[in-house]
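Hello,

Here is the structure we spoke about. Please open it alongside this email; my notes follow below.

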Amino acid sequence: MVEENPAQSVINEAKRKQPSLTQHFMGVVTANDLSHSYLFSGVDGLGKLAVAKTIAMRLFCKNVQDGMPCGVCNECIRIAKDEHPDVVMVKPDGRSIKVDSIRYLKREFSKSAVEGNQKVFIIDDADTMTTSAANSLLKFIEEPNGQVNSFLLTDDYRKILPTIISRTQLIEFPKINEDDLIKYVTKKGLSKTSSQLILELTGNLASLDKMLEDGWFNKMKATVERWFNELVEDDYRAFTNVQTNFMPLVTGRFEQQMTLKMIYQVFKDVFDVKFKDSQPDSLGFGDQYTALKKMALKLSDEQLITIITSILGSTRKQDINVSFQNILEVITLNCLAVIEG
Ligand SMILES: [Zn+2]
């Protein structure tokens, strides 16, 4: 069997998932007009990393063909395999990106350019940066030495500190063939609103299938809705709900992540109802519109921001040593405390 060339498979993924964005960026590089720092936002499976790597290849490729990287030269291959000395990638260490990783990045870049002036760094899951990591990065973005281009990747730019967003150019990744995906999940028996919600959580087919297994998604959605309705009513059963209803469904890391995403989504919907007057058909939890609206009216701007920040804080703080039940209970108690005022 012929093994697929890793660089070509990255380029093909970028072209397949994001044809217009890929083409756009190839043109930007050709015009020598690339910004210092980009924030790529979009759920998993939309090709953010493939596009970022393809841009890096375009910058370093020795044999550009029709404005695209060749995918076969040594530069392209090393970038695809994360082995290029001037293209540095940072990922979460455990569940967060800590300040040490950003320091490492800075050290790498303060060494005089290994093979030229151009450098690229890619921060995957940039929303998992701790506050000190983000602050350390800020200084770096502001004072780049030489030709440095950075790409921060996140599934949702609203999770990124505003100070970072303001120093980057935000690119929201369009969903892949959304109609096809909706058809796909509808065939699996999901309602229209449930389809919308699940596509807010992931754009990745494997993750979709995993969530739909044994009706997991519908069960968790119902659990989050019940919990949310209890919170709206200041009902402390929301707290016991964690142990009795959430925990039996949370059987692994993947389920933990998707559960937190749903909890985040329901409050993001409250935010959109409150500040954008969003209507049910544009919300993940649109069929809970009455409860969303009630919560939106109940909470002051500040209280809502406090709750969302606390949910995001918990997802960042997540560590293997902290039990997931504890994380959910803390979120619940924080919500109840804020809602009670
Ligand atoms: Zn090449």
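**What I found**

The side chains of Arg95 and Gln256 are joined by a polar contact of 3.2 Å. Keep in mind that this is a predicted model. Arg95 sits in the loop between E2 and H5. Its relative accessibility is 15%, so Arg95 counts as buried, the limit being under 20%.

**The zinc site**

Four cysteines coordinate the zinc ion through their SG atoms: Cys61, Cys70, Cys73 and Cys76, at 2.3 Å. Their spacing in sequence is C-x8-C-x2-C-x2-C. What is the geometry of the site of the zinc ion? The site is tetrahedral, with angles of 100 to 120° among the four donor atoms. For reference, the ideal angle for four tetrahedral donors is 109.5 degrees. Are the cysteines buried or exposed? I can answer for Cys61 and Cys70. Cys61 has 11% relative accessibility and so counts as buried. Cys70 has a relative accessible area of 11%, and is therefore buried too.

**The cores**

The largest nonpolar core holds 54 residues. Within this core, Phe217, Phe228 and Phe267 have the most contacts. Helix H13 (residues 253-276) supplies the largest share, 10 residues. As background, nonpolar side chains tend to be buried together in soluble globular proteins.

H13 is mostly covered, with 18 of its 24 residues buried. From first C-alpha to last, H13 reaches 33 Å. That is close to the 34 Å expected at 1.5 Å a residue. Just after H13 comes Asp277, with a positive phi of about 50°.

H5 covers residues 99-110, which makes 12 residues. How far apart are the end C-alpha atoms of H5? They are 16 Å apart. At 1.5 Å a residue the span should be 16 Å, so the two values agree. The buried residues of H5 are Val99, Ser101, Ile102, Leu105, Glu108 and Phe109. They pack against strand E2 (87-90), strand E3 (119-123), helix H6 (131-142) and strand E4 (148-154).

**Asn149**

Asn149 belongs to strand E4. Its relative accessibility is 0%, so Asn149 counts as buried. Neighbours within four places in sequence aside, Asn149 is in contact with Leu34, Ser35, His36, Leu59, Gln118, Lys119, Val120 and Phe121.

**Lys17**

Lys17 is in helix H1 (residues 6-17). In sequence, Lys17 and Leu46 are 29 residues apart. In space, their C-alpha atoms are 6.2 Å apart. Lys17 touches Gly45, Leu46 and Gly47, not counting residues up to four places away in sequence. A polar atom of the Lys17 side chain lies 3.4 Å from the backbone oxygen of Gly45.

Best wishes

How values were computed: Residues are numbered from 1 along each chain as its sequence is written. This is a predicted model: local features need pLDDT of at least 70, side-chain atom pairs count only at pLDDT 80 or more; totals for chains, interfaces and linings use all residues. Side-chain values use heavy atoms; hydrogens and water are left out. A nonpolar core is a set of buried Ala, Val, Leu, Ile, Met, Phe, Trp, Tyr and Cys residues joined through side-chain atoms within 4.5 Å. Buried means under 20% relative accessible area, exposed over 50%, partly exposed in between (1.4 Å probe, protein chains only). Helices (H or I, at least four residues) and strands (E, at least two) are DSSP runs, numbered from the N terminus. The expected span of a helix is 1.5 Å times one less than its number of residues. Contact means heavy atoms within 4.5 Å. Donors are N, O and S atoms within 2.8 Å of the metal (3.2 Å for Na, K and Ca); water is not among the atoms, so sites may look incomplete. Four donors count as tetrahedral if all angles lie between 85 and 135 degrees; four count as square planar and six as octahedral if opposite donors are over 155 degrees apart and all others between 65 and 115; anything else is irregular. A polar contact is a pair of N or O atoms within 3.5 Å; within protein, one must be able to donate a hydrogen and the other to accept it, and residues adjacent in sequence count only if both atoms are side-chain atoms.
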